[in-house]
Amino acid sequence: MKRISHRKLALALAAGSMMAMAPGAAQAAPKKKAQQEEQRVPAPTKAYAEGYNSVVKPLQAGDLAAAKTAFDASVGSATAPNDMYWAGNLALQLGGKLNDQALQRRGINMVLDSGLASPEEKSRYSFFEGQFAYQAKDYARAAEMLQQAYDAGYRDNNIAAVMAEAYNNAGDNATALKWLNTAIENQKASGQAVDQNWYKRGAALALQAKNNAAASDWLGRLVSAYPTATNWRDTLIVYRDGANLTTPENLDLMRLMRQVGALKSERDYGEYIEALDPRRFPGEVVAVIDEAGSNGLSNSTFLNEQRGIAQGNIAADKAGLPSAAKDARTAANGKIAASTADAYMGYGDYAKAADLYSVALEKGGVDADMIHTRRGIALAEMGDKAAALAEFDMVNGGNRAAIANYWKLYLNNGVSAEAAATAS
């Protein structure tokens, strides 16, 4: 998460600090601005007026060392609210010129503690104090002050994102995620693109809290906005590793990983092949292993062995499909139709698969959520997006619903070219 550098923070403070002087003192800012501030905040009391002017004169003359000495000698007498306010402004100006962060921070807190800060000062200075506290690793203080700034209307410098980091470092993961979400929504509301790393950060924070479900949700939002193959891979692996998937469920997730180009390693392809089984889905096993070979994994002993087993089963498997399809239509339940549809889908004959999945659903006695998922996959492979989405909508509950939702995300967003993260 991007934060303001020390230099940028100092420059921002210097640019935004109040420059008004008390009555009778040399003016360090335009006269109109000074007069307006004098009207709102009373001039320093007699107890601090001499000390105040002892700082202003060398500061105006550019003698920063003398001004700093005078400030240190006189600031103890600035105890009244208006004295604290004016002394704080001096500390801000002097600290900005000296690039003295500690002095700037002291000035900010004096202005805030005086109770006389304008609404604009309160919001801006609370933010800067929050930044200073963050850089000092005082995360609880940082979160407190950033919250005050936000509540006072401050919205610059990605404040909500900074708050997320402050709360996370303070040990409040749930509030951190809340503020990161607010940062994203604020960015969208302003018409600006959301950096994809913000979604990734949300997933990382959720994983840090061992909340795989929340991490999967954040990554789902990531692929909605940035559906690259890399982001798809991260999303589906996090979901897979956090869910207790059955072999059939994992198979349909692996099918999506293949579809979005998320299979990369021998382990990926090996897990896919194990979910398929070369004796049950020989056609798909051969197709997947051939794809792995084209992706540089042609020397895998395991994959080549599995391909040999699958290849030896294809002829007999295909020969039995027509009679199985016929039997499926007269069977008492949909089990034969479901298994035959699975076989046809493994060979890429999606139209026959979709038809037999419908027969299985009509006859019943099958896992309806699995059949709706697979019929949706067959329809998606056929290019019938609307029908596929409708099929996935019929999947209810559990891991199957999550897998169906990922397929819907894919149908609605596709896979985009890899893009560099957007700086924010």
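**Figure 1. Where helix H19 meets helix H20.** In this predicted model, Tyr350, Ala351, Ala353, Ala354, Tyr357, Ser358, Ala360 and Leu361 of H19 are in contact with Ala368, Ile371, His372, Arg374, Arg375, Ala378, Leu379, Glu381 and Met382 of H20. To find the two helices, look for residues 350-363, which form H19, and residues 368-382, which form H20. How do their axes lie? They come within 9 Å and cross at roughly 155°. An angle over 145 degrees counts as roughly antiparallel, so H19 and H20 are roughly antiparallel to each other. The crossing of H19 past H20 is left-handed.

Figure 2. Let's step back for a moment. How many helices and strands does the chain have? There are 22 helices and zero strands. The chain has 424 residues, and 51% of them count as buried. Its accessible surface comes to about 18600 Å², with 50% of that belonging to carbon and sulfur atoms. Now take the contacts in the chain with a separation of 6 or more: 61% of them are accounted for by residues 24 or more positions apart.

**Figure 3. Leu64 and its contacts.** Leu64 lies in helix H4, which covers residues 64-74. Which residues does Leu64 touch, once its neighbours within four places in sequence are left aside? They are Leu59, Leu94, Lys97 and Leu98.

**Figure 4. Asn157, in a loop between two helices.** Here we visit the loop between helix H8 (139-151) and helix H9 (159-169), where Asn157 lies. Is phi of Asn157 positive or negative? Phi is near 55°, a positive value in a residue other than glycine. For comparison, most residues other than glycine have a negative phi. Asn157 has 37% relative accessibility and therefore counts as partly exposed.

**Figure 5. Lys210, in another loop.** Lys210 sits in the loop between helix H11 (196-208) and helix H12 (212-225). Its phi is near 60°, again a positive value in a residue other than glycine. Is Lys210 buried or exposed? The relative accessible area of Lys210 is 72%, so this residue is exposed.

**Figure 6. Gln208 in helix H11.** Gln208 is found in helix H11. With 47% relative accessibility, Gln208 counts as partly exposed. Not counting residues up to four places away in sequence, Gln208 touches Asn168 and Asn173. Asn173 is 35 residues apart from Gln208 along the chain, and their C-alpha atoms are separated by 8.4 Å.

**Figure 7. Thr340, a buried residue in helix H18**. For the last stop, look in helix H18, residues 335-346, for Thr340. Why does Thr340 count as buried? Buried means under 20% relative accessible area, and Thr340 has 4% relative accessibility, so it counts as buried. Leaving aside neighbours within four places in sequence, Thr340 is in contact with Leu321, Ala324, Ala325 and Leu356.

Conventions:
Residues numbered from 1 in each chain as written. Predicted model: local features only at pLDDT ≥ 70, side-chain atom pairs only at ≥ 80, totals over all residues. Heavy atoms only, no water. Axes fitted to C-alpha atoms, helices over the stretch in contact; angles between N-to-C directions. Helix = DSSP H or I, 4+ residues; strand = E, 2+ residues; numbered from the N terminus. Parallel < 35°, antiparallel > 145°, perpendicular 65-115°, else oblique. Left-handed = near helix turned anticlockwise from the far one by under 90°. Contact = heavy atoms within 4.5 Å. Buried < 20%, exposed > 50% of the residue type's maximum accessible area, 1.4 Å probe, protein only. Areas by Shrake-Rupley, 256 points an atom, 1.4 Å probe, with all protein chains shown as cover.
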